[in-house]
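Please open the model in a viewer and keep the sequence panel at hand.

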Amino acid sequence: MRDKSIFPITPDGGFFGRTPLIEHILQVAKKTLHPSPAILLKGKRWVGKTEVLRRVHRELFWEQAEIVPVYYRFKGGLPASDLAEDFLKAVVRQYAAFIERRPALAVSEMPLLKLKRHLQDSGLDFAVDIVSRHLDAKKGLDLTSVLRNALSAPKCVAEEGGQQVFLILDDLERLSGTVLCRGGPSVINEIVETLKEPDFSFIASGRLTTPLEGMLSGCCLETITMTGLGEDDAVAMMAEVARNFSLDFDTEILTLAGKRLGGNPMYIKETLLDLKRGDVPGGLKDLKGFADLYVSEVSRGGIAKALASAVKLGGEVDLRVLGLLMKDKGALSLEEICGRLDLEREDAAGAIGLLAALDLVERNLGSIKWAGDGVERDYIDYVYSTLIRSMSPDEARTWMVRDILRQGSLARGEKMKGELKRDVLAVLSSFRGQSVPGSLFRAGPCGDNGPGVQESEDRENIINLPFMSGSFEARGIEKNESGVPVVMAQGFQNKRYDAGGEVIWIAGVKDAASPVNLGDVENFLRRTSILTKRFRCGRVVRWFVGREGFSREAAGRLEREGVYLTDGPGLQGLKTKTSSGGRVGDAAAAQGISQPREFEVVLPPGRNAELVGVRAAAEISSEMGFDEDSIARIKASVVEACINAFEHSRHSTGRTHLRFIQEPDKLTIHISNPGVYFDETSLIKSPARPGGLPRKRGWGMELMKGFMDEVRVEGMEGGTRMVLVKYLAGKGVEKDDGER
Amino acid sequence: MTEKDKGFRDLGDIVILYARDYINDIEGEKLEEMCETFLKKGVKRIVLDFSNTDLINSIGVSILIGIIERVRELNAQVSFSGLKKVNYDILKLVGLTEHVSIYSTEDAAVSEKEGPDNNLPV
């Protein structure tokens, strides 16, 4: 979307995770139903409601001409008459701005009389009448007419101007205390009555605890609750902001930070902004750095300042009530709170009323419970520690840092526990003939970095990894199976893509809080022995991965058996070594887009085996977002490449390997076959046919070149590799006629 | 059994042959054999309908070229119908669209009312 913001918004590059919501709101805005649909957008403070509403306004302003968007953000504390005039000006000004395609007018601070003259000059007489009625009512001190004239302005301009208006009302709850006059009607009630008109489409935002749903009952209302950004979006946003600020980071720490900050865009921005300015200690490269950074933020940084401004606590009673509710995970009654804190009922009720208005507690049928988010909890905990428990600021911060370090370590351990087997499979799949330090396969006993196994190829302290073609978990190895999970991977060693180069890796994975013991080892050795016989492969490499390392006896036994050993940290090191572009902290990697995803398919010789590759190509290219036409062209090219590979494989048992590499802008497909090397010139091209008919054979390469963006044939040891590339943008392709 | 299940629809002097989903050497040769059978019976017009065909590979293309060649030898006619875009693109890239009449549907090919449209795939 072009950058034509009318109301201030975040640059598009720094906006994450809300596109589906915006698209949904736009769909509702464009519906012409009776009664008109409406949306109530609820969410905690700073979760991004205003940003979403302003983007909806921008889209409606620039991308269509039928519906007039009117955005208004309510301000608290204005007298009702001033509010009415401000609202009326916004409506007529934005209506004129849309009709005249003058975005600057929508946010102009033009005085009312000047605005009236502008409307007269523009021939918008019905809008002039609305302003005139306002001025007359104001002159006559008729406050009710002033308010009702203003609130009916959107409906008037829609009816008189003949264009549907979509009203975008931001922070509606800010009106909750505004009344027309002392003892008079509530302004929010007046607005709600206007919104209940059946032909009026709108979206209104409010905080979670504002009872707007009940007030708007009778409208064709959809309630949407906005929460913080999801984990992926939060990490992507932090990575983008950190990159813009030239801040170093570690992806795992960003994940922890995203969770700790609740995915709240404001918390994320404030934290990174303070870090960039150097206003707070810490960083995003390790857990300790983040703990220091976060605690500084919630105790004295930008987040603390914002919360101090938004959450104005009345005094000690409020803090004590909050302290109790934060500590108690369930809901309490008013009597329980009074009893446990030794408070008068009136004082406690007053405090709870204030805290509910601040969205910090929730009242439901007499039960009261904590309703704030994690950051609010930490902020209040710090304030409570310093004011109620009389800790010094440094002491309170130290306790918080220790708490975060403990929680962070637990979270990391928990995450790793579930992922070790997946990590081992991923690491095996990433073997592409790299050379890695042998020390990564020689984890000694716990607390010892002693020598482990030595392979013949490890004389130089380097292990040459194979080129893996597939990996899987081995199950059902023996009856009543027990013991650690075993995973297997099949591939080729030393770039020999034939039976002589075939290798199988069998890995045991112990994903537990205790080191690998002798029992684990004996069990693993027995099962690998069964697997080795079953697969009859010339070369088998056995590997044991233990998250917490190995006992001395287990390590010794594995070494004597020639089994590779890797502990948890070693596996992470291996992962870094084997993954391409695997630099920890890479921003784009955090968004999951820079590291290529790879899939492999091994085709046995056999009729129509190429269709297996075609199905994989279709799935992968579809997932990447290629259009139907491109997917069909990729499928056709894979068929041709496979046919070539089958034809040129001299081994009756030779397998064709397909490797699909997904990158943000392209799909690369390697089709490798063991056998003789062939190039384009060696492909058979039969002579042209009589009657001008095309030649019969030799069209495969032509078809691939016509359908893919890049096609090349590469020789490799013991075979040929064909490389096909298709760009998502369809570089160089004229789709209409099927030719480049 | 429907006509499509049988693989052909015999209209007397015209026969429609229905190609399978993937035209490779085997399926191409089946089409070739069916053509030969009907040509020997004296059929003068053959419509090859590809509306169920997802993909024609280069070996299939070479067999289609052979079919066109054989039909011409016997002074008969062959036309294609129901080509999916990718298959149309394959035939165009090979240059075959200049040698065979292409129709959007088998009915259009049978009636020849609309005239061939060799520029627009289905």
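**First stop: a pair of helices**

Select helix H13 (residues 265–277) and helix H15 (residues 302–310) of chain A, which pack with their axes 8 Å apart and at an angle of about 135°. Helices (H or I, at least four residues) and strands (E, at least two) are DSSP runs numbered from the N terminus. Axes are lines fitted to C-alpha atoms, for helices over the stretch in contact, and angles run from 0 to 180 degrees between N-to-C directions. H13(A) and H15(A) are therefore oblique to each other; angles under 35 degrees count as roughly parallel, over 145 as roughly antiparallel, 65 to 115 as roughly perpendicular and the rest as oblique.

Now show the side chains at the contact. H13(A) contributes A:Met266, A:Tyr267, A:Glu270, A:Thr271, A:Leu273 and A:Asp274, while H15(A) contributes A:Gly302, A:Ile303 and A:Ala306. Two residues are in contact if their C-beta atoms, placed from the backbone, lie within 7 Å. By class, this contact of H13(A) with H15(A) has five nonpolar, two polar and two charged residues. Here Ala, Val, Leu, Ile, Met, Phe, Trp, Tyr, Cys and Pro count as nonpolar, Asp, Glu, Lys and Arg as charged, and the others, Gly among them, as polar.

**Conventions and confidence**

This is a predicted model, in which local features need pLDDT of at least 70 and side-chain atom pairs count only at pLDDT 80 or more, whereas totals for chains, interfaces and linings use all residues. Residues are numbered from 1 along each chain as its sequence is written, and chains are lettered from A and ligands numbered from 1 in the order in which they are written.

Colour chain A by pLDDT, the predictor's confidence in each residue, from 0 to 100. The mean for chain A is 81, and 85% of its residues reach 70 or more. Among the elements of chain A, helix H24 (residues 587–590) has the lowest mean pLDDT (33) and E2(A) the highest (94). Over residues 447–460 of chain A, pLDDT stays under 50, and the model has 19 contacts beyond four places in sequence for this stretch. Residues 730–740 of chain A also stay under 50, with 18 such contacts beyond four places in sequence.

**A covered helix and a covered strand**

Select helix H12 (residues 251–260) of chain A, where eight of the ten residues are buried. A residue is buried if 20 or more other C-beta atoms lie within 10 Å of its own, exposed if 12 or fewer, and partly exposed in between, with C-beta atoms placed from the backbone. The buried residues of H12(A) include A:Glu252 and A:Arg260. H12(A) is followed by A:Gly262, whose phi is positive, near 65°.

Strand E2 (residues 67–73) of chain A is also mostly covered, with five of its seven residues buried. Two strands pair if DSSP finds at least two bridges between them. The bridge partner of A:Tyr72 in E3(A) is A:Leu169.

**A three-stranded sheet**

Next, select the open sheet of chain A with the order E6-E8-E7 and antiparallel pairing. Strand E6 (332–333) and strand E7 (361–364) of chain A stand at the edges, each with a single partner strand, so one side of each is left without a neighbour in the sheet. Two bridges join E6(A) to strand E8 (residues 367–370) of chain A, and A:Leu332 stands opposite A:Ile368 in E8(A). Helix H18 (residues 345–357) of chain A packs on the sheet and touches E7 and E8 of chain A, with its direction at about 110° to that of E7(A).

**Two loop residues**

A:Asp342 lies in the loop between helix H17 (334–341) and H18 of chain A. Although not a glycine, A:Asp342 has a positive phi of about 55°. A:Asp342 counts as exposed, with 7 C-beta neighbours inside 10 Å.

Then move to A:Ser390, in the loop between helix H19 (374–387) and helix H20 (393–429) of chain A. A:Ser390 is not a glycine either, and has a positive phi of about 55°. With 9 C-beta neighbours inside 10 Å, A:Ser390 counts as exposed.

**Last stop: chain B and the interface**

Chain B has five helices and seven strands, and buried residues make up 45% of its 122 residues. The contact between the chains takes 23 residues from chain A and 22 residues from chain B. On the side of chain A, helix H26 (628–648) and helix H27 (700–707) are the elements that give two or more residues.
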